[in-house]
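Below is a briefing on one protein model. Look at the structure first, then read the points grouped by topic.

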Amino acid sequence: MEYLLGIDLGTSGTKTVLFDTEGNACCSKTVEYPLYQPQNGWAEQDPLDWWNAVIEGTNAVIAKSGVSPSEIRGVGISGQMHGLVMLDKDGQVLRRSIIWCDQRTAAECEQMNRVIGAQRVIEITANPPMTGFTASKILWVQNHEPDLYARCAHILLPKDYIRYMLTGEFATEVSDAAGMQLMDIPNRCWSDEVLTKLHIDRSLLGKMYESPDVTGTVTRQAAELTGLSVGTVVVGGAGDNPAAAVGTGIVRAGKAFTTIGSSAVVYAVSDTVSIDLQGRVHTLCASVPGKWTVMSCTQAAGLSLKWLRDTCCSEEVLKAKEAGVDPYVIMDQLAVEAGIGADGLLYLPYLMGERAPHPDPDCRGVFFGLSAIHDRKHLIRAVMEGVAYSQRECVDVFREMGIQIDDMMACGGGARSSVWRQMLADLYGCPVSTVNTSEGPALGVAILAGVGAGIYGSVEEGCDAIIRKKKTQEPDLENHAAYEGYYTLYKRLYCDLKDDFKTLSALKR
């Protein structure tokens, strides 16, 4: 038998999964680690915690499965994107990693706009300067920790640190590197213009690969620690969302997925690069060679429903406990009772500010149209619809950019709700399906490892062999028409309230 190992380095923990070549998960192990917040808005993690999690996870799945390490043909690594890992000339970690959700770099984003030019940043990197992206984090260290920066010999992304520990190679791949804001996205390479203007020496960055390329092999030292065989190939892998795309079969133009977790992402694949010069959505390189992606991020999607559950739905939580079901099952039933439009109640899902399609840290959640006739079922329906409207608004931007979407997959915890999936299908006007696997990013990078190891001829071929649709919900044309008036009003509300959000933010200071 032949096997593939997928390692998914997340924010709360690292999940290691061993797959056979048909995509079946033989066993998995998740190892958690802490998040450090030394100041409000800061977020850091220790790269050695990640590596120790990989060591523990890999040993665990090999031991539990009984698979011989020699049968594992390849390793793929997925990871949280945008984090900054800095090493000295001896390969030792210089400081805790500043990770994706850290918000300390607003001044550095302004610095990027000033020294490169706001429009030029988007033209080259396909995105406006973002506090979450890596470039502004590098500038923050330059500005605030210059002595430490002077000792820096290597800059890596989180998953690429794991690659270094496995193989000794300083390397990255296009899908994750595209989120650093140091790349020429149309040409899939480092941007000399950006690096020069930001005073970042190109020698600090890893060698660039495509996602399924072999980037190195497991060293003897790493083999002794992880239980893997010396010489096992390690491929480029992918950032978490590009890896999830492969793991759900989104590898061809016209296909997309919607993830509803705490946040929500719409992710579509394109054969050509398309950049939104207004910066409403992100354009990145796909983990499929020669393809690009467009993605959005709604900050508070499932988080909005969780907030409502914890704040207002204690009765539903109690009923669910008595019935032995998830509270969201009861909430789904109530949402159905409320009907389309929730009797004239709309919700703007801006509990955490917003990224797409309104990059606005000051906007906040709104219930609009609340009256005495409304009860919890209307609140639940309005929240679910508000999140769905937000995803439709992002898809409209994609279509405006020439990204056609005619087939949508749904994943994440919210995808378990048939009610939410039907809302998405009705609003998108295209089928929404679930897939036969829930492993997402780990499976995605295992498929990439299979390509690098020669098991599959291409990423597309690997997905065709493994990924199958499980359930499909077709759009209801009558529902689509019924939603349109509410959706039009939903879009107008942000524009009407934009200045008021700024005023509220100033009053709170």
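**Nonpolar cores**

In the largest nonpolar core, which has 72 residues, those that touch the most other members are Leu 182, Met 183, Trp 190, Leu 198 and Phe 257. Helix α16 (residues 441-452) gives this core its largest share, eight residues. The model is predicted: local features need pLDDT of at least 70 and side-chain atom pairs pLDDT 80 or more, while totals for chains, interfaces and linings use all residues. Residues are numbered from 1 along each chain as its sequence is written, and side-chain values use heavy atoms, without hydrogens and water.

- A nonpolar core is a set of buried Ala, Val, Leu, Ile, Met, Phe, Trp, Tyr and Cys residues joined through side-chain atoms within 4.5 Å.
- Buried means under 20% relative accessible area, exposed over 50%, and partly exposed in between (1.4 Å probe, protein chains only).
- Leaving out residues up to four places away in sequence, Leu 182 touches Trp 190 and Leu 198, among others; touching, or contact, means heavy atoms within 4.5 Å.
- A second, separate core has 56 residues, including Met 331 and Tyr 428.

**Helix α4**

- Helices (H or I, at least four residues) and strands (E, at least two) are DSSP runs, numbered from the N terminus.
- Helix α4 (residues 134-144) is largely enclosed by the rest of the structure, because nine of its 11 residues are buried.
- Among the buried residues of α4 are Lys 137 and Trp 140.
- The cover over these buried residues includes β6 (85-87) and α2 (106-116).

**Asp 240**

- UniProt lists Asp 240 as "active site" in an unreviewed entry; such annotations may be inferred rather than shown by experiment.
- Asp 240 lies in helix α10 (residues 240-247).
- Asp 240 counts as partly exposed because its relative accessibility is 26%.
- Beyond its neighbours within four places in sequence, Asp 240 contacts residues including Ser 78 and Pro 441.
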